[in-house]
Amino acid sequence: MGADVDARDFTREDRMRFRRQVQRGTDAIARMLAEGLFTDDGAPPEPLLGMEVELNLVDDAMEPAMANAEALDAIADPDFQTELGQFNIEINVAPRPFVDQHTISLEDSLRASLNRADDRARERGAHLVMIGMLPTLGEEHFAKQWFSANPRYDLLNEQVFAARGEDIEIDIEGAPMPGAIVGERLDITSDTILPEAACTSLQLHLRVAPEDFAAHWNAAQAIAGVQVAIAANSPFLAGKALWHESRIPLFEQATDTRPIELRNQGVRPRVWFGERWITSTFDLFEENTRYFPALLPVCTDVDPLEVVDRGEAPELPELRMHNGTVYRWNRPVYDVVDGHAHLRVENRVLPAGPTVVDTMANAAFYYGTVRALVEADRPIWTQMSFDAATENLHSGARDGFDAGLYWPNVGWIRPDELVLRRLLPLVDEGLRAYGVGSRSRDRYLTLLEGRCVQRQTGSSWQRAAVAAREAAGESRDRALRGMLADYVELMHEGAPVHTWEV
C-alpha cells in the first residue's frame with residue numbers, strides 16, 4: 001500500500017528540501033554499504049518467504065464491488081489493508097522460514113486466511129477474487145469517486161497529473177483471441193490514475209546480503225519474461241481482450257508522468273524495467289535519485305548522515321517514500337527492523353491468482369530459479385543483453401505460452417519449452433539450496449510441469465472460456481460475467497489452473 005500521507009499542498013520549498021533529503025539518504029546508503037553497517041553484511045540472512053497478494057472485490061452479479069472499507073471492517077484483520085481503488089484490498093503475508101515443509105504450511109495458512117476473509121466480506125455483499133485483472137472492470141470504474149479513502153491516493157493522483165499536464169491515454173493492442181486472426185484494441189483516456197488499480201499483483205520479497213543484492217536483482221530481471229508468460233492471468237479490461245498479462249502495459253501507461261514530448265526525448269518512465277545490469281544495490285537508489293522528481297515530497301528534519309555517524313541505522317523516510325513512487329518491476333527495498341537495516345528485492349511482475357496453490361508454485365519458480373542462477377558458475381546476465389531481458393518481459397506478457405523468448409545457448413524458444421527443458425531442474429536445485437523439503441519441491445515442480453505441458457495459464461483459460469461462450473451466442477459482457485462466475489467457483493475449489501476445463 002505504501003506509507004500514509006496526510007492531505008496537504010506541496011510548496012516549491014518542500015520539493016527542494018525533499019530532494020536534498022533523498023540525496024542525503026542516498027549518501028547514507030553509500031556509507032552503510034562501504035562501512036558494512038547492514039545487518040546481513042558478510043553472511044547470508046536466514047531465508048524467509050514474504051509476499052503481498054492484491055485482491056479484487058465483486059458483488060453477486062460479478063460487477064466490481066466498491067466496498068473495501070466495509071469489507072475490511074468485516075474482515076477485522078490487520079494483515080488486510082486498502083489499496084488504490086475501492087474494489088481492491090491487499091493481504092500482507094508475514095515472512096516465514098523457507099526451509100523444510102514451511103511452504104506447504106504457508107500455503108495452508110494463506111488459504112485459511114483468504115477463506116475466512118471471504119466469508120466475512122460476503123456479509124457486506126462482497127466476494128474476494130484473486131485475479132490479475134478483473135474482467136468486468138470498465139471505464140466507468142476509473143472515476144475519481146472510486147478512490148479509496150486514504151489521502152495518499154488522492155495526493156498521488158494530483159501529483160501525477162500535475163507532472164503530466166494532460167489526461168492519461170491507455171492504448172493497448174491485444175493478442176488475437178482463440179480462433180481470431182486480428183487482436184482487439186483498447187484506446188481510452190482517463191483523468192485519474194485508477195486504471196492502475198486494475199493491476200492486482202503478487203509481490204514476492206527476498207531479503208539478501210548487500211554484497212549479493214546485484215546478483216539477485218540481475219537474476220530476477222533475467223527471468224521476468226518467463227515468469228509472466230507461464231503465470232499470465234490478466235487478459236481482459238473494459239470489454240477488450242488484450243495481452244495475456246495486460247497488467248504490464250496498463251501499469252506502464254496508467255502511472256506515466258510524461259507527456260508525449262518527454263517520452264520522445266527519452267525521459268525515463270516511472271514504471272520501469274531498467275536499462276542495464278547492475279553491480280551494486282546503490283546503482284538503483286542512485287538512479288532513482290538522479291532521474292525521478294518527487295511525487296510525494298513529505299520531509300522530516302532528521303539528517304540521515306548524522307544518524308550514521310552515531311552508528312545507528314537511519315530510517316530514511318524520504319528515500320523510502322521516493323523509492324515507493326518509482327515502480328520498478330524488481331524494486332530495491334531498504335528497511336529497518338528493531339534498529340537493524342537490511343535490503344530486499346521486491347519482485348512485482350506476477351499477477352494474483354488463480355488459486356493459492358498456483359500462487360505458491362509461482363513463488364517457488366521465482367525463488368528457486370533466482371537462487372540457482374545466482375549460484376551458477378557463469379552468471380546468466382553475462383550471457384545475454386539487457387535489451388533481450390526487456391524484450392522477453394514484453395513478449396511473455398503479450399503472448400503468454402506463444403511468446404518467443406531469447407535464452408543464452410538456446411536462442412529463441414517458447415516459454416513452456418524453456419521451462420520443461422532448462423529451468424525446472426534449476427528450480428529444484430535452487431529450492432533444495434534453500435532447504436525446501438522434497439515434499440514441497442515435488443508439489444510445486446509437478447504443478448509447473450503440468451501447466452507447461454497443458455500450456456494453460458489463468459489467462460489462456462479465461463480467453464478460451466470467453467471464446468466458447470461467445471461461440472455459443474453470448475455477448476462479450478455476458479460471457480465475461482459468466483466466465484468470472486466460473487472462475488470464482490474454481491478458485492475456491494482450489495485445483496491448479498492447468499486442470500480447469502472450459
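Rings of Phe, Tyr and Trp (its six-membered ring) count as a pair if their centres lie within 6.5 Å, and the planes are called stacked under 30 degrees apart, edge-to-face over 60 and tilted for the rest. One of the pairs is edge-to-face, with tryptophan 272 and tyrosine 291 at 6.3 Å centre to centre and 80 degrees between the planes. Because tryptophan 272 lies in strand β10 (residues 271–272) and tyrosine 291 in helix α8 (residues 281–291), this pair ties together parts that are 19 residues apart in sequence. Helices (H or I, at least four residues) and strands (E, at least two) are DSSP runs, numbered from the N terminus. Tryptophan 272 is buried at 5% relative accessibility, while tyrosine 291 is partly exposed at 25%; buried means under 20% relative accessible area, exposed over 50% and partly exposed in between, for a 1.4 Å probe and protein chains only.

Elsewhere, ring pairs link Trp217, Phe273, Trp277 and Phe386 into a cluster.

Turning to charged pairs, the structure holds 39 salt bridges, each a side-chain nitrogen of Lys or Arg within 4 Å of a carboxyl oxygen of Asp or Glu. Among them, arginine 207 meets aspartate 40 with the closest N and O atoms 2.9 Å apart. This pair links distant parts of the chain, with arginine 207 in strand β7 (residues 201–208) and aspartate 40 in the loop between α1 (12–35) and β1 (48–58), 167 residues apart. Aspartate 40 is buried at 5% relative accessibility, whereas arginine 207 is partly exposed at 28%. Another salt bridge joins arginine 443 and glutamate 107 (2.6 Å, N to O). Those two residues, in helix α14 (residues 438–454) and helix α3 respectively, are 336 residues apart. Glutamate 107 is buried, with a relative accessible area of 1%.

A few conventions apply. Residues are numbered from 1 along each chain as its sequence is written, and side-chain values use heavy atoms, leaving out hydrogens and water. In this predicted model, local features need pLDDT of at least 70 and side-chain atom pairs count only at pLDDT 80 or more, while totals for chains, interfaces and linings use all residues.
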